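User: Please examine the model shown below and answer several questions on its chains and how they meet.

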Amino acid sequence: MKKEKGAKGMNKVSRDSCLLKPGRHYLQGNEAIIEGALVAGCRVYAGYPITPATEAMEAASRRFPEVGGRFIQMEDEIGSACVLIGASWGGVKALTVTSSPGFSLMQEAISIAIISETPMVIIDIQRPGPGQGYITASQEDVMQARWGHHGQGPIIALAPSSVQEMFEVTIEAFNLSERWRTPVLVMAEETVAHMRESVVIPPLEEIEIINRKKPQELAIPPDNYLPWGHDIVAPMANWGEGYNVNFVGLVHLEDGNVTRYSPQMNYHCVERLHKKIEIDANSISCLDTKFLEDCNHLMICYGVVSRTAMEAVAEAHEERGLKIGYIRLRRLWPFPEEQLRNIVCEVDTIFVPEMNLGMMKHPITEALRDRCKKIVSIPSIGILHSPDYILSKVYEELR
Amino acid sequence: MKNHPMLKYLKAEGPMGPRLPTILCPGCGGGQVLNYTLHAVDRLISKDNIRKEDFLFISGIGCSSRITSHYLNFDSAWTIHGRALAVATGALLANPAFRVIVFTGDGDLAAIGGNHFIHACRRNINVTILCMNNGLYGMTGGQLAPTTEKGVVTTTTPYGNPEESFDLCKLAETAGAPYVARWTTAHPRQVVRSVMKGVRKRGTAFIEVLSQCPVHKKMSPVAMLKMFKDNTILIGKERESKEGKIPIGEFLDIDRPEWNDSYQKIVSQAREGDYRTHE
Amino acid sequence: MVTIGKILGEAFSLYEGKNSVNTQSYGPESRGGACKSEVVVSAGEIHYPNVRKADVLVALSQVALDRYLPDLKEGGILLLDPGSVKDVLDLDKYQVHEVPSMEIAYEIGGVRYQNSVALGALYGLIPHLVKESSLLKAISDNVPRNTVEINKEAFKRGMRYEKGERGKGNE
C-alpha cells in the first residue's frame, strides 16, 4: 500500500529535484523552514519533539528522505545539536528546529561549534519561560541567543517575521553559516511557526546558495593545510577528504595545536572569531525602515512584532498625524549599533515593543541613549501585540 | 619513539610546534590502547583495503579521549563530554562510508554519555567503541565513576563507595550492540583482533578495555598490568564471574541491521512514493 | 474549525491569488470547545496577521459565540449552527445566518463533514471573495482521498441550505 504523503496536492513538487516548484504555495511557518533548508542544500536533520517546533521535525521526517537526505529523531536536544556538528564536519549542511527549553540544552554544542568554526543552523521557535512556561509565543530567548553559550563567542542571529521569511531566512542562515564558518541562529516565534501564509518560491536559479570554501579549490594540499588558518575565514576541509583534519574545542593555534597554551594564544584565538563576524556585521544591511523622514518618535522592533508595529505606526500617522518612524531589526546579533546610529537623528521617544519584559531594549538604549529623551518598552507576554494595544501604550505615553 | 612503527599515524610535528609527547601520565593505559588500535587500523588498511581517508576517530572528554585530540594523523574529533557518539551519528548521517572509532572512558561513556551510549547501541550505528575503563575520573583528579566498585575510596567517596557499579558489557548487549568484548591493556593481541572485528562488523562494536591509572590508583603500572592478568579469566558466553575474577573475552558476536542500511531503504521508498503524482 | 481556516486560507491564497494568513489559538481556549481559527485575506500585503475586527464570524458552539462575538464588527456576517448555539444577544446588530451544519453533517455521514457543510454555507455569503471551484479544490487537498466526494456533497448541501434560508428572507 503506497502511503499518502505530506500535504496532498498542495505542495507541488518538482519531479527531478523533489523541491517545491517555483510559484505560489501555502505553507505553515514550520514547513517553510524545511523547504528553505532543502533549497539551501541541507541534507541532514536531527531533532527532538517539542511544542511548538514539532511540525518542522515532522515535515523534515517526510521531506528529507524524499530528496535523498537523512533524518533522525535523537534521544534529546543535546544529541541533536551534536549530530549537526558531526554532519557538518562530514561535509553536509545540517539543521535542527527546537524551542526554548531545547535551546537551553544546546548551548554547550553551540559553544564548541563557535570555536571549531562549524557551519550549522539552529532555529529556536520561542515560547514563554522560565521553565516549561507555556506553548504560545514569545521573544524571551533573544538574550540567550547572544549570551547563552559559555565563553565569549560571537553570534549571528536572525529574526524572521512571516512564513515567506521563514523560507528565505533559513536559506540566508545557511548562506551566512557557510560563508563565515559559524553556527547561525534563527530566532522565530510560535506565532509565525504555526501560521499559514502565502509563500512565493522563485526559480531556483535566482536563489543564491553559498557553500563553504574548500582548501582543494584554493590548491592547498593536505601537508600545508591549516584548519583554522590561511584567511580570516579558514577554508574548511571535511572528514573523508584525506586532509587528516582534527576537530578540537580547546583554544588553539591555526593548525589546531592545543599543547602550547598561553594567554596570548587564548586571546588571539578568540579575537579572531570576533573579527571574522565583525566583517559580516558591517557588510550586511539588516534594517528595514519606514516613515523616518522628519519623525518625532521611533518604534524599533523585530520578529513577528514588527508586523503589528508597522500597522500601528501607519495608523498613528493616518489617524492622529503622529510622526513615528519605524525600524525593524532583521538581524539581532551582531547588534547593528553602527547602522542604527547612522540613520537615527534626534527623536523624542523610542518605543520598543517586545514579547518579553524588555531585552533588545538594552542594546538599543546603549546605542541610541544620546539620540532621544526616553526609551519605552511595550511588553506583551505570551501573545502577539495587537495594533490597538501598541497604540494605546503609545498614546498614553505621548499624552 | 623515532622508530615506532605506528608513528606514521601520529602527527609528531605541526607548523606550530611539536605535538608529542602526549599529555598522558607515564604508565597510563591510554597510550597502549592507542597503540593497539593503530596496529589494528594498519592491518585493516593493508588487508581489507579500507581507505585511510575513511577512518574517523571521535572522542569525548577525559584522559582516554585525549588520545584523539590532535595527535592523530587521521580525520578526528575531540568533542564534548559524553557526546562523541552523537557526533559520530551525525558524521555517519553525512557519510555512511566512514569507519568510525570512538575513544572514550567509563565516565564519558556511561555517566554523562549514558543516554547516547544506549541509543547508539539500540540503533546499531556503525561505530567501534573503545572504552578505556579505569574505574574513575582521571583527568579531574580521581573521582567516582559509574564503574567504581562498591566500597572503593575515591576523592568523592572518602568513606567508600555506597553505590553498585555498571557492567558496561551487559549494558551494551542489552541496549543492542551486536559485538561485545572485554579485555585489558595486558591483552594486546586480543584488543587488536577485537578492533579489527569491530571495524569489520556492520554496527556498534563495543570493546571495553580495563586500563590502568597508576597515578590515582597509586600502584605502579607493572603491578597493575600484572593484576589485570591475574584477576581476569577468559570465558566464552557464560560470563558470570568465576573464582572471584573479572570475566574477559568476546561475549557476543552476532549480526543486526545497521542504522544507515535500514534508513537507506526509507530513502528509496520515499523517493518512489506517490508524492510525485500531485503535480 | 482549525481545518476550515486552513481550507479557506488555501483557497484564497493558491486559487484566488490573494494574500492570506491563517492563525489558530491553543491554550485554555481550545479546551471547552472554544478553539479559534482566524483568516485574514487581502489583495495587498498583510501586516498584523490576526483579526482585529472580524467581517465574518462562523460560530459552531455556544462557548465560541460568547467568547468571540465581541470581535465581530457591527453589521458583520454571523454564521452559526442553531443546533449548538441557542443564545444570541443583539441579533439585529449583525447579519445572522443559521445553518444546522452539525445536523446536515450527520445526515451525510458524521460530524467529520461539518466543516465542509459550514464552508458551503459560508461560500454563499462571500461569493465576491472566492469562487466555488477554489473552495472545492482546497477541500479536496485537505481531506482523505476516499472522502473527497462526500465532502464535496456536504459543501453543496451547506450551500443549498443557506441559499434556501436567504430566499426565505432571513437576511
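User: What percentage of the contacts in chain C with a separation of 6 or more comes from residues 24 or more positions apart?
Analyst: The model is a predicted one. Contacts here require C-beta atoms within 7 Å. Among the contacts in chain C with a separation of 6 or more, the share from residues 24 or more positions apart is 50%.

User: Which radius of gyration does chain C have, and why does it agree with a compact globule?
Analyst: The C-alpha trace of chain C spans about 40 × 40 × 35 Å along its principal axes, and 39% of its 171 residues count as buried. Because a compact globule with 171 residues would have a radius of gyration near 16 Å, the value for chain C agrees: 15 Å.

User: Which element supplies the largest share of the side of chain B that touches chain A?
Analyst: In this interface, 44 residues of chain B are in contact with 54 residues of chain A. Strand E4 (75-78), helix H2 (84-94), helix H4 (114-123) and helix H9 (259-272) of chain B each supply at least two residues of that side of chain B. The largest share, 8 residues, comes from H2(B).

User: Which residue of E4(B) does Asn246(A) stand opposite?
Analyst: Strand E9 (residues 246-247) of chain A and E4(B) run parallel and are joined by 2 bridges. In E4(B), the residue opposite Asn246(A) is Ser76(B).

User: What is the handedness of the β-α-β crossover from E14(A) to E15(A)?
Analyst: Strands E14 (residues 349-354) and E15 (residues 374-379) of chain A run parallel, with 6 bridges between them; Ile350(A) has Ile375(A) as its bridge partner. The chain passes through helix H12 (residues 361-368) of chain A between these strands, and the crossover is right-handed.

Note on methods. Residues are numbered from 1 along each chain as its sequence is written. Chains are lettered from A and ligands numbered from 1 in the order in which they are written. This is a predicted model: local features need pLDDT of at least 70, side-chain atom pairs count only at pLDDT 80 or more; totals for chains, interfaces and linings use all residues. Two residues are in contact if their C-beta atoms, placed from the backbone, lie within 7 Å. Helices (H or I, at least four residues) and strands (E, at least two) are DSSP runs, numbered from the N terminus. Two strands pair if DSSP finds at least two bridges between them. A crossover is right-handed if, with the strands pointing away from the viewer, the path from the first strand over the helix to the second runs clockwise. The radius of gyration is taken over C-alpha atoms; the globule rule is 2.2 Å times the number of residues to the power 0.38. A residue is buried if 20 or more other C-beta atoms lie within 10 Å of its own, exposed if 12 or fewer, and partly exposed in between; C-beta atoms are placed from the backbone.
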